[in-house]
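I wanted to write down each term with its cut-off as I went.

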Amino acid sequence: MKKITLFFFLIIFSIGNAQTVKEKLENSQGQDLNVPAPPKITFPAQYEKGNKVFVEEVRKNLNQNVIKDLPKTSITQITLKIDADGNLINISTYGTNKTFNDEVRNAVKKTALEKWIPGKNSKGEQVTNILRFPFKISK
């Protein structure tokens, strides 16, 4: 009799607990259906001379006195936010070496003074775009 009572108790507890987990999951992932999805970028923003030229110009604008003391290989990721008018509105760098990140950010500021060709969505409208460039130097 104790085994049957214990069995029913476990089943009831499991059902009650499963509903609690389901409710927690639904509450933590609630979505507002009135918020549209972010625009799909069909044509990403571009540096007027080309994105490869941009990376090379950043490399040329690095302060050699700062990077001479860095490790043999330094890696960061340059993240740029370009608005719908082609203006550079944010520069971020992500890597393990703060000195290298700061120097790359300074080189980007010197390089990216020109307007960019803004990104466009599938409707051909100019949109704000986020670009990412891996950046590495090896001595």
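The entries below go from the helix to the core and then to the aromatic rings.

**Ground rules.** I am working from a predicted model, in which local features need pLDDT of at least 70 and side-chain atom pairs count only at pLDDT 80 or more, while totals for chains, interfaces and linings use all residues. Residues are numbered from 1 along each chain as its sequence is written, and side-chain values use heavy atoms, with hydrogens and water left out.

**Helix H4.** I looked up H4, which runs over residues 98-111; helices (H or I, at least four residues) and strands (E, at least two) are DSSP runs, numbered from the N terminus. H4 has 14 residues and reaches 20 Å from its first C-alpha to its last, close to the 20 Å expected at 1.5 Å a residue, where the expected span is 1.5 Å times one less than the number of residues. At the start of H4, I found a side-chain oxygen of asparagine 97 within 3.0 Å of the backbone nitrogen of threonine 99.

**Which residues of H4 are buried?** I noted Phe100, Asn101, Glu103, Val104, Ala107, Val108 and Thr111, with buried meaning under 20% relative accessible area, exposed over 50%, and partly exposed in between (1.4 Å probe, protein chains only). Seen down the axis of H4, these buried residues fall within an arc of 165°, so they line one face of the helix; the arc is that of the directions from the helix axis to the C-beta atoms. Among the elements that cover them are helix H2 (51-60), strand E3 (73-82) and strand E8 (129-138).

**Glutamate 57.** I found glutamate 57 in helix H2, where it counts as buried at 19% relative accessibility. Leaving aside neighbours within four places in sequence, glutamate 57 is in contact (heavy atoms within 4.5 Å) with Tyr47, Lys49 and Thr111.

**The core.** The largest nonpolar core has 22 residues, and those with the most contacts inside it are Phe54, Leu80, Val108, Trp116 and Phe135. Such a core is a set of buried Ala, Val, Leu, Ile, Met, Phe, Trp, Tyr and Cys residues joined through side-chain atoms within 4.5 Å. H2, E3, H4 and E8 each give two or more residues to this core.

**Rings.** My search of the whole structure found five aromatic pairs, counted when ring centres of Phe, Tyr and Trp (its six-membered ring) lie within 6.5 Å, with planes under 30 degrees apart stacked, over 60 edge-to-face and the rest tilted. Phenylalanine 54 and phenylalanine 133 have ring centres 5.3 Å apart and planes at 45°, so the pair is tilted.

Key. Polar contact = N/O pair within 3.5 Å; in protein donor to acceptor, adjacent residues only side chain to side chain.
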